[in-house]
Each structure stands twice: as C-alpha cells, then as structure tokens.
Amino acid sequence: MAMTDDQLAQQVHDAYEKIELSDDAQDRMLAALLAASDAKQAEQNADRGPSTRTTRGQVIQMPKRSGLKRWMPIAAVLLAALVVVQVGVLTVGNHSGETRADIAPKSEESMAADSLDVNASDSVAFETAAPQEGEAKADSVASEVADSSEVSAMVEDCPLITLSDGTELVARSEQVDVVETGDLLEETTARSVDGEQSVACRVYELVGGGYAVSYEGEETYWLCD
Amino acid sequence: MPQTCDIEAIFRRHAQTVYRVCYSFMGNAADAEDATQATFMKLVDHPRQFASEQHEKAWLIVCASNLCKDTLKSASRTRVVAMPEQEPADTSASEPLDATLDAVLRLPEKYKDVVYLHYYEGLKTDEIARTLDEKPSTVRNRLRDARGLLRKALGGEA
C-alpha cells in the first residue's frame, strides 16, 4: 500500500523528534559558550576605556624610575670597568714604548729578545723569537716612525722659532736626549710657516753646541738648526 | 522579542533545533555536538541583534546548515573522515536509529535542509526559499526529489 504524503510527513517529523541533545551535552556546551563569551567581554573591556589607559600610563611611569635606579649601580660598574681597561691600555702602551727603545740594542747583542709586531692599528703583540737582524732593523725603524708620528705634528706645524737676539731656528723631527741639553736658554713661541699657528716652547742650548726645543705640554726635545 | 545577544537565552531556546539540523548533516552525535557548539560560537564571536525569535531561529538553522556543509566538504577533501552519506550506519551502531531517520540521514546533502525545514519546522516552499535564499522552484524540485528518495527507502512507491 502506498504511503500518503501526510504519513510520510508524520514519519519524518517523528524521526527528527528522536534526535535529541542530552542535558549533559547541553550543560557542557553552554559552559564553554559562556566562558568564551566572558573572555571576549573581558578582552573588549581591556581594549577600550580612557580610564584604563590612564592607569596603564601611571603604572608604566613608576617602574621607569625604579628601573633607572636599578641600572645606576650597573652603569657605575661599567664605567669603572671602562676606566680600568683604559688604564690597562695606557700601561701596555708605555710598556711597548720601552720595548721599542730597547729592542734594537738587544738585537745588536744577538740575544733572544721580544720582537714587536706593530700592525696598522698601532696595537702591539709580543712574541719570543730568535733575533734576526732584518726584523730588528724593521722594528727599529717602525718604532722611530711610531715615535716621530706621535709628536711630529707639533714639530711640523710650528717649526719656526725666533730667539730674542734674532736668531732663527727651525725644529727638526729628530729627538735629542735630555742629557745632551744644557741650560734653558729662552722661553719663547714657535710658529708655523704661514704664521697662523703658534705654541709656547722652551729653547735649550745643547752641551755639544746647537739648540733643542721642547714644546709646551711635552717632555720631548727636538733638535733645532 | 529579544533585542540583545544573550547567548545563554538563545542557546536554551534553540539548542535542540540546531542540534537536529547538525545531526541530520553529520550523522553522529559527536560531530553534531561539535557543529552545534561551533554554530553558537559564531554568535559569541560576532554578536548580533535579531528582529524576532523566528528570525533568530532561521539564522541559526542556516548558519548550522552552512557550517555542516563546509565541515563535510573539508572532511571529504582531506579524507580524514568518511562521508556520512556513504557510511551513516557506522555512527548508528551505538545509536540505534529507526528506518525513517536512517533514510533521512542517507539523503544527499542538498536535500537535508529543505527536508528539515519542511517536515520538521513545517515551513512552506516560499518560506523555505526565503530562508535559504533559493528560488521557490528550486526548493519545490528538491522537496519532490527528496520525497521520492524517502518513499523508495521506506518501501513505498517512489
């Protein structure tokens, strides 16, 4: 017997009625939905509202001060470390200067010596090696160049000196040992060739004749002609 | 007339309806529950105001229907889950179904929403067309074809 439309409709309706969400499942789903809804609400509240921003600004401001205070001892330690490193560098620099001066005689005496490796950045490295004449000469020249380059600017900039008696002197880039200098002859001014620069200096008369000049702020004596 | 998006109230009003729609598509309780929750979660994520409870219900039914179609399409693409249309009996092993419900679950996807809206919600062809944003003729044709399939499955004349 053929099923009528009404029968079919009723049958299908009844079939759908059998599909039912359990109470447990409903509670579980509802709890999850409410939690998600609350989280979203909280997120929205956090995102808006001028009072919240003001509070944030105040909260941020306070740690800034304490943060600065917290960093101050660290900054002091870093500064101290920097000073120590600076002193160390200067000490090594002085030591290397002495070594440069000493190295040539040592090489000449054919003794084992510390040879110097002067690189482009003027840093110094020590290494023990058998003396070699070529190396020693090269190092000697290098040390002279290094020494002269340290102060040659002063000599080159202001080489002209006129004594009170009218004697004209010209400073050369050649150092004179302090033992060779006699009494102070005169305190005067050295000037540049074009006359635009000048610097105070002391002129000494050398024991063996001739003159030496020492520029203000330096302890080096330069030969004058 | 609900004017605000009170998710708890909406859920209590329409949980069973949404679940039935989802079950008719997914064919098993677990997937139907997931789809139901996902449907209401859309309302949480994008709250909206409805003109009436009927409007609210229609929106949820369409939303659930689309969500289930997308889920099934995605599952068939990734081949992670077997198509419910092919194997609805697997899920019914632990959930005994009657012959009519089994026949409804075995209907092709495109007939499921119109069958639910017509046979369970009692909507007329024009109302279904407006709800699903389809042509009335399309809805009529689908209902006719679905009726034929159900008759055939239930032993009556097609």
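Is A:E17 buried, partly exposed or exposed? With a relative accessibility of 36%, A:E17 counts as partly exposed (buried is under 20% relative accessible area, exposed over 50%, partly exposed in between, with a 1.4 Å probe and protein chains only).

Some housekeeping before the points. This is a predicted model, where local features need pLDDT of at least 70, side-chain atom pairs count only at pLDDT 80 or more, and totals for chains, interfaces and linings use all residues. Residues are numbered from 1 along each chain as its sequence is written, chains are lettered from A and ligands numbered from 1 in the order in which they are written, and side-chain values use heavy atoms, with hydrogens and water left out.

1. Back to A:E17: its side chain meets that of B:R20 in a salt bridge at 3.9 Å, N to O (a side-chain nitrogen of Lys or Arg within 4 Å of a carboxyl oxygen of Asp or Glu). This pair crosses between chains, with B:R20 in helix α1 (residues 7-26) of chain B and A:E17 in helix α1 of chain A. B:R20 is buried, at 8% relative accessible area. Helices here are DSSP runs of H or I, at least four residues, numbered from the N terminus.

2. Helix α1 of chain A (residues 5-17) also meets helix α6 of chain B (residues 109-120): their axes come within 9 Å and cross at roughly 105°. That makes α1(A) and α6(B) roughly perpendicular (65 to 115 degrees); axes are lines fitted to C-alpha atoms over the stretch in contact, and angles run from 0 to 180 degrees between N-to-C directions. The contact (heavy atoms within 4.5 Å) includes A:L8, A:V12 and A:E17 from α1(A), and B:K112, B:Y116 and B:Y120 from α6(B).

3. Within chain B, the side chains of B:R13 and B:E53 form a salt bridge at 4.0 Å, N to O. B:R13 sits in helix α1 and B:E53 in helix α3 (residues 53-78), so the pair ties together parts 40 residues apart in sequence. B:R13 is partly exposed at 33%, and B:E53 is partly exposed at 42%.

4. One for the surface: A:W71, A:I74 and A:L78 form a nonpolar patch with about 350 Å² of accessible area together. A:L78 lies in helix α3 (residues 50-108) of chain A and is exposed, at 57%.

Terms used
Patch = residues over 30% accessible without salt bridge, like charges linked within 9 Å, V, L, I, M, F, W, Y side chains within 5 Å. Areas by Shrake-Rupley, 256 points an atom, 1.4 Å probe, with all protein chains shown as cover. Helix = DSSP H or I, 4+ residues; strand = E, 2+ residues; numbered from the N terminus. Parallel < 35°, antiparallel > 145°, perpendicular 65-115°, else oblique.
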